[in-house]
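Q: Give me a close look at one helix packing in this model, please, and then a quick stop at a loop residue.

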Amino acid sequence: MAASFDPLTTTAVDLQQLLRQNKISSVQIVEKYLAQIEQHEAKLHAFISVAPRDKLLRAAASLDEERLQGKTRSTLHGIPIVLKDNFVTASNLGMGTTAGSLALVGAKASVNAAIVQRLLDAGLLILGKTNMTEFAGMKMTMISPGWSPVGGQTVSAYTGPIAPDETLLGHSAPGGSSTGSAVAVAAGFSPLAMGTETIGSIVTPSSRAALYALKPTVGVQDSTGLYTLTDFYDSPGPMAKSAADVLALFEILLGRSLGRLGQGTPDWEGLSVAFLDPLVWRMADAMCRQHERTAEQMREEYQRAIARLKEAGCAVKFPVELADISALMVDGQHAIMPIAFWDFKNLCIPRFLEAFDECPVKSLDDIVQFNEDHKDKCLPSEFPEQGDLIKARDNEDAEDNIAALKKGLRSVARQILDRVFDGEGVNIIAAPADSSLCIHAAASGYPIATVPLGQLRYNSRPFGLCMVAQKDREDTLLQFMAAYEATSPPRAVPTL
C-alpha cells in the first residue's frame, strides 16, 4: 500500500476513502502525521503533549485489523484527531490534562471525558493534546491568545511569530483559546481537531487558520470531564479543512446521522442568509490594528463572496442591521463577566478538578497560591498577572442573582437575533469572523460556525466568515458550509 498524501491538504474524508480502497493503513496515516509534527512543531507550539508513538501505532494497528475483519466503528474509523488540552484523557492514553496550567501538571485520571470516550469508541485515534490559552483566558484579561506556561506561545502556521507590539487580536496573532487545535490542523499535524468556545475561542482561531469549524448549541453535548470556563456560554466543537469533515465529526459527537446533508451535491435549497455590514461589524482598532489596506481588502472580499453566493443561488439580504453588543444588558446591568466569574468559581473549576483521581491542586485557592509560589514560570514578565483568577475567587454574587442574569441575558440575546431571523425571513445571520457576532451567539446559546474567506496580502493570514443559526439548527449551518465550499475558491494552505 502506498502511504503518500499531503497532510497540509488531505481531509479526513479523503483518508477514509483511501482506507476503504485499501490504498493506505491507519498505521501509515499516523506515521505520516507524526513525521509532520516532528518536523514543524518546534516552531509552532501547537501541542502540550503528543501521545506516545508506540501506543498510537498499536491502537492504529488494532483498528486496521478490525477493518480487515470487516468491522468499522464509524465513518471516521482509523482517522487521527487532536484535542484541546481541556478534554480529560485517562492516564493510560499517555497524556495529561492541564488546561494550560502548570498547577495541573501531573494530575492523573482513570476515566476519559464523555466526548473523548465517544471518539475512541468511534475508532478515532487521539494524536495529542493541543496548546491553549491558560484556563481558556480566565487568568489575565490581556493574556495573549494561545499562550500557556505549559505549552508556550502557539504561532500561526501562516504568519509566523507574533509581531512586536501586536494588538491582542492583531493580524499576526493566531487568536482564541483553541489556537493550538486550529494551528495543528492547518499545519498538517492532524486532519481533525476538537476545540471549545466560550466567546470566539473556536471561530477566531479557525478563521485565522482557513478552517471550517462549528460551535454547536450550548448544552447539546455531554460535557462530563471537560474543562469549560462557563456552563452558560461554552460548547465544544469540531475544526477541520472541509465542511464534510466537520459534518462527519459532528454526527459522531451527536450520535446520529444528519441524513441528506452527507449525501449528494450540496445545494442552497431552503437557505436564506442575512449579511451584516462589514463597516459596522468589525474589530476595534485597539483589538486588531489595521495595516496597508487590510481592512479594505477584507471588506472587498466579503462583498465579493456575497455576490458569488447570490449568483450561485443563495437567497441573500445585505446589508441587514443587528443591535450591537451594547444592547446585551439585563435591566441596565452588565451580565457577561459576572456570569463568567460565578460559573468558573462555583461550577467549572470544582467539577474539572473532581475529574482527576490525583491532582496537585484541590481548589481555585490552591491554583492562585500555586501561581504565586511559582511566579517565575506561572507569572512571567510578559504576563505577570492572574487578576481574573483572583476576581473569580473573590466573587460573592448570590446564586439567585446570577440565575436572573442568565435568564435575562439569554432572553435579550435571542430577542435581538430572532428579530432578524423572523423579521428578515432568514435562517442564517452572517458577518466577518473578525467581529463581535460570537458574543451574540454565546449570550443566546445559539450555534455559530466559520468558513474561510480570504488571505491578507499584507502578511498571508487567513480570514473568514462566521454564521449564526437558531437553537439546534446546526444542520442549517452545515448545509451552508457545504454549499459555500462547493462554490468558493480552495482554502489557503500555509507554507511551512
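A: A crossing counts as left-handed if the near helix is turned anticlockwise from the far one by less than a right angle, and right-handed if clockwise. By that rule, helix 13 and helix 14 cross in a left-handed way. Mind that this is a predicted model, where local features need pLDDT of at least 70 and side-chain atom pairs pLDDT 80 or more, while totals for chains, interfaces and linings use all residues. Residues are numbered from 1 along each chain as its sequence is written, and side-chain values use heavy atoms, without hydrogens or water.

Helix 13 brings Leu409, Arg410, Ala413, Arg414, Ile416 and Leu417 to the contact, and helix 14 brings His440, Ala442, Ala443 and Ser444 (contact: heavy atoms within 4.5 Å). Sorted by class, that's six nonpolar, two polar and two charged residues (nonpolar: Ala, Val, Leu, Ile, Met, Phe, Trp, Tyr, Cys, Pro; charged: Asp, Glu, Lys, Arg; polar: the others, Gly among them).

Now the loop: Phe189 lies between helix 5 (179-186) and strand 6 (192-197). Its C-alpha is 5.3 Å from that of Tyr33, 156 residues away along the chain. Beyond four places in sequence, Phe189 contacts residues including Tyr33, His40, Phe47 and Leu127.

Terms used: Helices (H or I, at least four residues) and strands (E, at least two) are DSSP runs, numbered from the N terminus.
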